[in-house]
Amino acid sequence: MSDIEREFSPLEHSYMQIALACAEYGARQGEVPVGAVLVYQGRVIATGFNQPILAKDATAHAEVVAIRQACHYFDNYRLPMGCELYVTLEPCTMCLGALIHSRISRLVFATTEPRAGMLVSQQNFAEATFYNHFLQVEYGLLAEESATMLKRFFRERRQAGKVAKQPQLTGDNS
Ligand SMILES: [Zn+2]
């Protein structure tokens with residue numbers, strides 16, 4: 001893993017575009033926009049969007065949703081060697097654990113998560129030697145697109161919060 005921005009292939013771009021579309025789908029339903037795409041031998045095996053509110057499930061992050069789907073697909077609790085996960089945001093503690101337990105070979109994420117990211121922001125767990133699995137990590141692919149989507153989501157939510165309070169104030173006055 002390195003900070004040097006490397007060239008990602010058009011195919012890698014298209015995988016991350018799908019992940020961004022998943023994130024956008026979630027945003028339209030009020031979920032924080034994070035999307036994930038699981039690729040095996042060049043084929044999209046599973047997708048996921050962040051959905052803890054909809055699923056009433058604290059563990060329903062995009063990565064976990066995609067990994068669960070892929071495990072069903074392969075009918076195995078561990079994924080075959082060579083599975084890649086494209087995620088629009090740097091994974092949290094839980095998702096990094098899921099990536100390791102499921103034996104994902106390679107992770108590509110778009111933008112960093114400065115508050116709780118476990119790979120470059122707060123920790124560098126991918127290079128921790130206590131795991132018995134090596135996870136290749138690259139990031140920065142369509143980072144700006146993902147960061148913009150997240151910023152827009154939180155801005156709109158703040159504005160919606162203000163608007164929602166407005167009628168109540170009017171009601172109190174009448
Ligand atoms: Zn997570």
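Select V37 and Y86 in this predicted model, and you will find V37 standing opposite Y86, a residue of strand β3. Now widen the selection to the two strands around this pair, β1 (residues 35-40) and β3 (residues 84-89), which run in the antiparallel sense and are paired over 4 bridges.

Next, show the whole sheet, which is open and has 5 strands in the order β2-β1-β3-β4-β5, with mixed pairing. Which strands stand at its edges? They are β2 (43-49) and β5 (136-139), and because each has a single partner strand, one side of each is left without a neighbour in the sheet. If you look along the sheet, the twist from one strand to the next averages 20°.

Helix α1 touches β1, β2, β3 and β4 (106-111), and its direction makes about 145° with that of β1. Helix α3 (residues 62-74) also packs on the sheet, where it touches β1, β2 and β3, and its direction makes about 140° with that of β2.

Now select A19 and look for its contacts beyond the neighbours within four places in sequence: these are G35, A36 and V37, together with Y86, V87 and T88.

Finally, turn to the largest nonpolar core, which has 48 residues, and colour those with the most contacts inside it, namely A19, A36, L38, A66, Y86 and V87. Helix α1 (residues 10-27) gives the most to this core, contributing 7 residues. As general background, nonpolar side chains in soluble globular proteins tend to be buried together.

Conventions: Residues are numbered from 1 along each chain as its sequence is written. This is a predicted model: local features need pLDDT of at least 70, side-chain atom pairs count only at pLDDT 80 or more; totals for chains, interfaces and linings use all residues. A nonpolar core is a set of buried Ala, Val, Leu, Ile, Met, Phe, Trp, Tyr and Cys residues joined through C-beta atoms within 7 Å. A residue is buried if 20 or more other C-beta atoms lie within 10 Å of its own, exposed if 12 or fewer, and partly exposed in between; C-beta atoms are placed from the backbone. Two residues are in contact if their C-beta atoms, placed from the backbone, lie within 7 Å. Two strands pair if DSSP finds at least two bridges between them. Axes are lines fitted to C-alpha atoms, for helices over the stretch in contact, and angles run from 0 to 180 degrees between N-to-C directions.
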